[in-house]
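Reader: I have a new model on my screen and I would like to learn how to read it. Could you walk me through it?

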Amino acid sequence: MEMTDSMAVSVTALDAQRQRLNVISSNLANAQSTHTPEGGPYKRRDVVFQSTPVASPFQRTFRQVSTGPGAHALDGVKVLRVQEDKRPGQVIYDPRHPDADKKGFVKMPNINVMDEMVNMMGASRSYEANVQAINATRAMWNKALEIGR
Amino acid sequence: MDQIKAITMPTLSRLENATASHAAGGAPSSGFMNTLQQAIGKANDIQLEAGQATEALMTGQTQNIHQAMVALQEADVSFQLMMQIRNKLVSAYEEIQRMQI
Amino acid sequence: MMIFDRTMQLLNRTLDLRQARQRVIASNIANEETPGYRATELSFQDSLQAANRGRDFVSLAVTQGQHIGPRGNPVQQVMGKLGSVPAGDIPLDANSVNIELEMAKMSENAMQYNAAADLLARKFRGLLNAIREGR
């Protein structure tokens, strides 16, 4: 599939940020979930990003770029894995809670809503920035069409 | 480009005949001829380059749109330059023709 | 008399193919929420490149005006190939449309279409210039 290299890179970032947002939404929704099918409270999840070379038909351009001075391949981003946060969550004392243990303590998920909100803003900003990058590519292209008009 | 040659070749051969038969000293007229021929050759080469750059862009071999645009622009300008040279030569020839009896 | 050179024919064909591609992308975007829909794409650049390279223009002369010359340009016969978009993970509703990808593809397609149209217009202008002999 053909696409301008820079746009292909930006699209991978859009994809990755959307998956990150999915995970954040899941965390936020389960901030109070003391019960999971696996037993125990919900464990916070996080995405791990990895830079990955963008598959592109323009290999010739790559070779030119990667042998000249200051050379680097074009890297997009992908979600390597979704990983669980192993840190223990808060343990609160609430004997009336349905999931309270014998001593009346309830293990809450290790989710800090404020942190998740900040991450959500980060993902949203990053998404916007990549959309801007795509728009910039398009604007440059259209500007080139004006040469000699 | 064949169409450029088709348009300009008759004029060139006319000019060549005229200058060959009326030229007193060979140097000035062949200078004009050379200029025009060089200009035509150059314009043709640039047109071919522009065509190649355009095709590379369309078939996805390159993302270099500005290269294609600049090449087309160069082709346009050099073609117009060549045309003006030719037009000036033709009108000079016609003026010389009128000067005959 | 052939005055439209191979580049112009290539540009012409590109416009057709890009328009067809736009339809495919638009239907992908329209079906973003349809359960079970698989995103498709029209690919033609490889076959276009091959068709453009694999021929040197042999324009056979016709002796009578009404004689039809050979089909000539294989570029004109390039049709795109419909394939399905390689999807990452298929979500619960079995819909494989990646909306960001489709939007970016649409943007890119429009850019390429504009470029082809502009280049074709310049070619025509150049031809008119030659015909009017620069006057």
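Author: Gladly! Let us begin with a term: two residues are in contact if their C-beta atoms, placed from the backbone, lie within 7 Å. Keep in mind that this is a predicted model. Among contacts in chain A between residues at least 6 apart in sequence, 71% join residues at least 24 apart.

Reader: Which helices and strands does chain A have, and in what pattern?

Author: Chain A has three helices and four strands. Along the sequence they follow the pattern α-β-α-β-β-β-α. Of its 149 residues, 23% count as buried.

Reader: How many residues of chain A are in contact with chain C?

Author: On chain A there are 14 residues in contact with 14 residues of chain C. Two elements of chain A, α1 (5–29) and α3 (113–144), each give two or more residues to that side. The largest share, five residues, comes from α1(A). By class, this side of chain A has eight nonpolar, two polar and four charged residues.

Reader: And how do I read a nonpolar core?

Author: Start with the general idea: in soluble globular proteins, nonpolar side chains tend to be buried together. Here the largest nonpolar core has 29 residues, and B:Ala68 and B:Leu72 have the most contacts inside it. Two or more residues come from each of α2 (26–58) and α3 (65–99) of chain B and α1 (6–30) and α3 (99–131) of chain C. The largest share, nine residues, is from α3(B). Apart from this core lies another, of 13 residues, including A:Val9, A:Leu14, A:Val54 and C:Leu101.

Reader: What is B:Leu72 in contact with, leaving aside its neighbours within four places in sequence?

Author: B:Leu72 is in contact with B:Ala50, C:Leu119 and C:Arg122.

Reader: Which residues of α1(C) are buried?

Author: Among them are C:Thr7, C:Leu10, C:Leu11, C:Thr14, C:Leu17, C:Arg18 and C:Arg21. A helix has 3.6 residues a turn, so residues three or four places apart point the same way.

Reader: Is C:Glu33 buried or exposed?

Author: C:Glu33 is exposed, because 10 other C-beta atoms lie within 10 Å, and the cut-off for exposed is 12 or fewer. C:Glu33 lies in the loop between α1 and β1 (40–43) of chain C. The C-alpha atoms of C:Glu33 and C:Ala94 are separated by 9.7 Å, though these residues are 61 residues apart along the chain.

Conventions. Residues numbered from 1 in each chain as written. Chains lettered and ligands numbered in written order. Predicted model: local features only at pLDDT ≥ 70, side-chain atom pairs only at ≥ 80, totals over all residues. Nonpolar A, V, L, I, M, F, W, Y, C, P; charged D, E, K, R; others polar. Core = buried A, V, L, I, M, F, W, Y, C linked by C-beta atoms within 7 Å. Buried ≥ 20, exposed ≤ 12 C-beta atoms within 10 Å, placed from the backbone.
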